[in-house]
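Look at the model below.

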Amino acid sequence: MSRTYTKKIDQEESSSFELDLAPMLALMVTLIPILLLSTVFVQVVVIDTPLPQVVQDAIEQEKNNKDRQVQLVLGMSSSSGFNLSVNIDGKQMESISVPLVEGQLDVNGLHEKLVKVKRTHPKVFRLDLNPSEDVGYSDIVKVMDSVRSFKKEEGTVTILDQKTNESAETNLMFPEVVFGNVVEG
Amino acid sequence: MRRAVDRLKKDNKKATFVLQLTAMVDMFTILIVFLLKSFSTSAVHITPHKGLNLPYSTTITQPSEAIRLVVANDGIYVEDQKVVTISEGKFASEDLEDQDQDFIRPLFEVLDKEANKSKDISKLNEDHVFEGKVVMQADGRLPYSLLKKVMYTSSLAGYADLKLATISVN
C-alpha cells in the first residue's frame with residue numbers, strides 16, 4: 001500500500017510543468033497600445049442648450065409653443081441671488097427669491113424651491129435662464145446641473161399622458177435650460 | 001584536468017534557465033483592467049483646449065459631430081483657428097459692431113462662412129444636413145457678459161443648437 005502511494009506522489013511530481021506565458025505576454029503587449037489609443041482620461045460631455053432662434057424661427061417657435069401656458073423664468077445675479085418667476089399665460093403668478101448665503105449663490109436652496117414648483121407643474125420641462133452679466137460660467141453650469149433632475153432621495157414625479165391616458169414617472173425636472181436673455185442683445 | 005572540463009560542461013548545461021514572466025503578466029493584467037475601465041466607445045472625442053479650465057458637470061450626454069468653438073481667456077477659436085483676441089476679459093472695440101455691442105463681427109464672418117460651406121455641401125449631398133450645432137468649450141472663470149456676446153453672434157450666424165462642453169464628474 002505504502003509503495004503504491006509513494007509511486008503516485010512521484011508521478012505527480014514528475015507531471016508538474018512550467019506554464020508558458022510568452023504567448024499571453026505577446027497578446028498583452030499588443031492589447032495595451034490599442035487600449036491606450038482608445039482610452040479617455042478626461043471625459044468631456046455636453047449640455048444641450050438650444051439658443052432662442054431669431055427672426056422667422058423664433059416666430060415659428062412661439063406659434064408652436066401656444067400650448068405652453070406655464071413659463072418659468074430664473075433670474076440669476078451674483079449680487080442678489082436667484083429670482084424665480086412662475087408665469088401663467090404671460091402673467092406673473094408667483095415670484096420666489098433665493099438670496100445669497102454667505103455671499104455665495106445658494107444652489108441647494110434653489111433646488112429645493114424648484115422641486116416644489118416641479119411638483120405643482122409636472123408637465124413643464126423648460127426653464128428660461130437669465131443670468132446677469134457678472135455671473136461666472138461655472139456657476140451657470142452648476143445651476144444647470146442642479147435644475148436638471150431630482151436627487152435620489154427626492155423620488156420622481158408622475159406625468160399623465162392625455163392622449164394615451166397612461167402615467168409615467170420621471171426623475172427629470174427641467175432638463176431644457178434656455179438662455180432667455182441672449183437675443184435681447 | 002579532463003574531469004574538471006567534464007564538470008564545467010555539465011554545469012554549463014544546467015545554467016540555461018526559463019525567464020520568470022509571472023510577475024510581468026500580473027502587471028500587464030492590472031494595466032489592461034485599468035485601461036478597459038477608461039475605454040471610451042464614443043464616436044466623437046473632444047480634447048480640451050490647452051490652458052482651458054472647463055467647468056465640471058453631472059450631465060451624461062455624449063458629444064456629437066459639430067463645429068468646435070473655444071472661448072479661452074486669450075481669444076475665441078473656431079476649429080482651432082484664432083478669430084478674435086480677448087485681452088483682460090474684454091473684446092477689442094474694433095471687433096464689436098458700433099450699433100450692436102453684442103455682435104462680434106470677425107466671429108460672425110467665420111461662422112457664417114462655415115454655415116454657408118455646410119449648406120453648400122447639403123445641397124450636393126442629401127445625407128449631409130446643416131443642423132446649426134456648435135460645441136462651445138468655454139473657460140469656467142469667464143463672465144456671462146462675454147459668453148452672451150459669443151452665443152448671440154453664434155445664433156445670428158445660424159448656429160443656434162449650442163452644446164456646452166464640460167468635464168464629466170461621474
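The C-alpha centres of domain 1 and domain 2 of chain B lie 59 Å apart. Domain 1 of chain B covers 2–37, and domain 2 of chain B covers 56–168. Such bounds come from an automatic or database domain assignment. The model is predicted: local features need pLDDT of at least 70, side-chain atom pairs count only at pLDDT 80 or more, and totals for chains, interfaces and linings use all residues. Residues are numbered from 1 along each chain as its sequence is written, while chains are lettered from A and ligands numbered from 1 in the order in which they are written.

Now take the two chains together. In chain A, 40 residues are in contact with 49 residues of chain B. Two residues are in contact if their C-beta atoms, placed from the backbone, lie within 7 Å. On the side of chain A that touches chain B, the elements giving two or more residues are helix 2 (22–38), strand 1 (44–50) and helix 5 of chain A. Helices (H or I, at least four residues) and strands (E, at least two) are DSSP runs, numbered from the N terminus. Helix 2 of chain A gives the most to this side, with nine residues. By class, the side of chain A that touches chain B has 27 nonpolar, eight polar and five charged residues. Here Ala, Val, Leu, Ile, Met, Phe, Trp, Tyr, Cys and Pro count as nonpolar, Asp, Glu, Lys and Arg as charged, and the others, Gly among them, as polar.

Follow helix 2 of chain A first. Its axis and that of helix 2 (residues 22–37) of chain B come within 10 Å and cross at roughly 25°. The two helices are therefore roughly parallel. Angles under 35 degrees count as roughly parallel, over 145 as roughly antiparallel, 65 to 115 as roughly perpendicular and the rest as oblique. Axes are lines fitted to C-alpha atoms, for helices over the stretch in contact, and angles run from 0 to 180 degrees between N-to-C directions. Helix 2 of chain A passes helix 2 of chain B in a left-handed crossing. A crossing is left-handed if the near helix is turned anticlockwise from the far one by less than a right angle, and right-handed if clockwise. Chain A brings residues including A:Met24, A:Met28, A:Leu31 and A:Leu35 to this contact. Chain B brings residues including B:Met24, B:Phe28, B:Leu31 and B:Leu35. The contact of helix 2 of chain A with helix 2 of chain B has 14 nonpolar, no polar and no charged residues.

Strand 1 of chain A also reaches across. Seven bridges join strand 1 of chain A to strand 7 (residues 161–168) of chain B, and the two run antiparallel. Strands pair if DSSP finds at least two bridges between them. Within this pairing, A:Val46 has B:Ala165 as its bridge partner.

Next comes the sheet of chain A. Five strands form an open sheet in the order 4-3-2-5-8, with mixed pairing. Strand 4 (91–98) and strand 8 (176–179) of chain A are the edges, each pairing on one side only. The twist averages 25° from one strand to the next. Strand 2 and strand 3 of chain A form a hairpin with three residues between them. Eight bridges join these two antiparallel strands. A:Leu74 stands opposite A:Leu84 in strand 3 of chain A. In strand 5 of chain A, the bridge partner of A:Leu74 is A:Leu129. Strand 2 and strand 5 of chain A run parallel, joined by four bridges. Strand 5 (residues 126–131) and strand 8 of chain A are parallel too, again with four bridges. There A:Leu129 has A:Phe179 as its partner in strand 8 of chain A.

Helix 4 of chain A lies across strand 2 (70–77), strand 3 (81–88) and strand 4 of chain A, running at about 150° to strand 4 of chain A. Which helix does helix 4 of chain A cross at roughly 30°? The partner is helix 5 (residues 137–148) of chain A, and the axes come within 9 Å. That angle makes helix 4 of chain A roughly parallel to helix 5 of chain A. The crossing is right-handed.

Chain B has a helix pair of its own. The axes of helix 3 (residues 105–124) and helix 4 (residues 144–156) of chain B come within 9 Å and cross at roughly 35°. This crossing is right-handed.
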